[in-house]
Amino acid sequence: MNLANCPQCGKVYVKNSYNICPSCLKELEEQYRKCADYLRKNRGCTLKELSEGTGVSVNLIIRFIREGRIAAKDAPNVLVPCESCGEPVKEGPLCANCRSKLSKDVHNMREDEKRRAEYKSSSGGSTYMKNRDKFEKS
Ligand SMILES: [Zn+2]
Ligand SMILES: [Zn+2]
């Protein structure tokens with residue numbers, strides 16, 4: 001059995017895929033249910049209104065959204081801060097700015113890989129050199 005300390009309440013519990021103890025999980029479910037309920041009745045509410053209306057902390061609501069438990073389409077006015085710059089965005093985790101910056105980075109990374117692959121194929125002669133060394137020694 002795998003025991004761990006619950007990060008929420010500090011109690012020892014048997015490890016599960018949620019990484020919190022069953023009583024905290026129940027609490028979490030309750031808070032999620034409150035959010036879902038509130039959103040059903042106040043579809044156009046903002047993050048602040050949702051938090052104030054349910055008593056659920058803003059951070060937890062952001063977590064629900066990031067985990068996809070609260071869908072962006074169900075909470076069209078609930079904006080979450082961009083994971084990179086903190087700018088409020090409708091659909092996370094990144095704002096359009098950071099997204100395009102990231103895709104540029106990915107592009108650069110691919111270019112690097114291409115260059116490395118090219119370098120590898122052009123330096124293919126080294127195996128020949130090693131073989132020749134072997135021949136001369138024997
Ligand atoms: Zn707990
Ligand atoms: Zn951003």
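A nonpolar core is a set of buried Ala, Val, Leu, Ile, Met, Phe, Trp, Tyr and Cys residues joined through C-beta atoms within 7 Å. A residue is buried if 20 or more other C-beta atoms lie within 10 Å of its own, exposed if 12 or fewer, and partly exposed in between, with C-beta atoms placed from the backbone. The legends below describe a predicted model, in which local features need pLDDT of at least 70, side-chain atom pairs count only at pLDDT 80 or more, and totals for chains, interfaces and linings use all residues. Residues are numbered from 1 along each chain as its sequence is written, while chains are lettered from A and ligands numbered from 1 in the order in which they are written.

**View 1. The protein chain and its confidence.** The protein chain contains 5 helices and 4 strands; these are DSSP runs numbered from the N terminus (helices, H or I, at least four residues; strands, E, at least two). Along the sequence, their order is β-β-α-α-α-β-β-α-α. Of its 138 residues, 14% count as buried. The average pLDDT, the predictor's confidence in each residue from 0 to 100, is 87, and 88% of the residues score at least 70. Among the elements, helix H5 (residues 125-137) has the lowest mean pLDDT (57), whereas H2 has the highest (96). Where pLDDT is low, the predicted coordinates should not be read in detail.

**View 2. The largest nonpolar core.** This core has 16 residues, and those with the most contacts inside it are Cys 35, Leu 39, Leu 50, Ile 61, Ile 65 and Ile 70. Helix H1 (22-41) and helix H3 (58-66) each supply at least two of the core residues. The greatest contribution comes from H3, with 4 residues. Two residues are in contact if their C-beta atoms, placed from the backbone, lie within 7 Å. Leaving aside neighbours within four places in sequence, Leu 39 is in contact with Cys 45, Leu 50, Ile 70, Asp 74 and Ala 75.

View 3. Cys 35, Tyr 38 and Leu 39 are buried in H1. Seen down the axis of H1, the buried residues fall within an arc of 100 degrees, so they line one face of the helix; the arc is that of the directions from the helix axis to the C-beta atoms. These buried residues pack against helix H2 (47-54) and H3. On the other side of H1, exposed residues include Lys 26, Glu 29, Arg 33 and Lys 41.

View 4. In H2, the buried residues are Leu 50, Ser 51 and Thr 54. They line one face of the helix, because they fall within an arc of 95 degrees when seen down its axis. Their cover includes H1 and H3. Just after H2, Gly 55 takes a positive phi of about 80 degrees.

**View 5. Val 80 in strand E3.** Val 80 has its place in strand E3 (residues 80-81). It counts as buried because 24 other C-beta atoms lie within 10 Å. Not counting residues up to four places away in sequence, Val 80 touches Ile 62, Ile 65, Arg 66, Pro 88, Val 89 and Gly 92. Val 80 and Pro 93 are 13 residues apart in sequence and 7.9 Å apart in space, C-alpha to C-alpha.

**View 6. Asn 19 in a loop.** Asn 19 lies in the loop between strand E2 (12-14) and H1. Although not a glycine, Asn 19 has a positive phi of about 65 degrees. Most residues other than glycine have a negative phi. Asn 19 counts as partly exposed because it has 13 C-beta neighbours inside 10 Å.
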